[in-house]
Amino acid sequence: MLTAKDEETDKITGLTLGADDYVTKPFRPLELIARVKAQLRRYKKYTPALPENEPAKVLTYKKLVLNMQTYECELGGEAVSLTPTEFSILRILLENQGMVVTLEELFHKVWEDEYYSRNSSMITVHVRHLREKLKDTAEKPKYIKTVWGVGYKI
């Protein structure tokens, strides 16, 4: 987190909310670069890599291909650009092919949050954008089918 707020409570709040580091203005560019490099070293050290002999996990349905290792999506051989949230929703639906995934389930799996409101349209909006990118429609779905009052399924 890079900010002008340098009070102790601001630093504690920032780190509590999930920041890995807290740098206040004015700062020295070389110090900032050193902090970024330290974060990258930690990431590389503690993030397990897939073994070379283990193939990438690829989920498919009809002409849709979702590569879990490279975070790439293809539709009929053409790349589809997805946001991280759209990718997560599509991954969850593909992992549960043929089964209905409730709105609440999607919400908890995507945002890992306890609070869910039935009148929240967040999931609906993301699914609509996802459908547009997949050239799909709610009226005649090829990929994402709405199960009214429950959720979605592939």
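This is a predicted model: local features need pLDDT of at least 70, side-chain atom pairs count only at pLDDT 80 or more; totals for chains, interfaces and linings use all residues.
Biologist: Let's start with helix 3. How many residues does helix 3 have, and what span should they give?

Modeller: Helix 3 runs over residues 84–95, which makes 12 residues.

Biologist: Is helix 3 largely enclosed or largely open to the outside?

Modeller: To judge that, look at how many residues count as buried, with a relative accessible area under 20%. Nine of the 12 residues in helix 3 pass, so the rest of the structure largely encloses this helix. The buried ones are Thr85, Glu86, Phe87, Ser88, Ile89, Leu90, Ile92, Leu93 and Leu94.

Biologist: Next, salt bridges. What should I look for, and how many are there?

Modeller: Look for a side-chain nitrogen of Lys or Arg within 4 Å of a carboxyl oxygen of Asp or Glu. That rule gives six salt bridges here.

Biologist: Which side chains does glutamate 95 meet in salt bridges?

Modeller: One partner is lysine 57, with 3.5 Å from N to O. This pair ties together distant parts of the chain, 38 residues apart: lysine 57 sits in the loop between helix 2 (29–46) and strand 3 (58–61), while glutamate 95 belongs to helix 3. Lysine 57 is partly exposed too, with a relative accessible area of 46%. Another partner is arginine 91, at 3.2 Å from N to O. Arginine 91 and glutamate 95 are four residues apart in helix 3, which means about one helical turn separates them.

Biologist: What about a charged residue that has no salt bridge? What surrounds arginine 131?

Modeller: Arginine 131, in helix 5 (residues 122–133), is buried but has no salt bridge. Its nearest side chain of opposite charge is aspartate 136, 4.7 Å away, and the cut-off is 4 Å. Check the backbone as well: the backbone oxygen of isoleucine 144 lies 3.0 Å from a polar atom of the arginine 131 side chain. Beyond its neighbours within four places in sequence, arginine 131 contacts residues including Thr137, Ala138, Lys145, Thr146 and Tyr152.

Biologist: Last one: leucine 66. Is leucine 66 buried or exposed, and what does it touch?

Modeller: Leucine 66 is in strand 4 (residues 64–67) and is buried, with a relative accessible area of 0%. Not counting residues up to four places away in sequence, leucine 66 touches several residues, among them Phe87, Leu90, Arg91 and Leu94. Lys57 is also one of the residues that leucine 66 touches. For a sense of spacing, leucine 66 and valine 80 are 14 residues apart in sequence and 9.7 Å apart in space, C-alpha to C-alpha.

Methods
Residues are numbered from 1 along each chain as its sequence is written. Side-chain values use heavy atoms; hydrogens and water are left out. Helices (H or I, at least four residues) and strands (E, at least two) are DSSP runs, numbered from the N terminus. The expected span of a helix is 1.5 Å times one less than its number of residues. Buried means under 20% relative accessible area, exposed over 50%, partly exposed in between (1.4 Å probe, protein chains only). Lys and Arg count as positive and Asp and Glu as negative; His and the chain ends are not counted. A polar contact is a pair of N or O atoms within 3.5 Å; within protein, one must be able to donate a hydrogen and the other to accept it, and residues adjacent in sequence count only if both atoms are side-chain atoms. Contact means heavy atoms within 4.5 Å.
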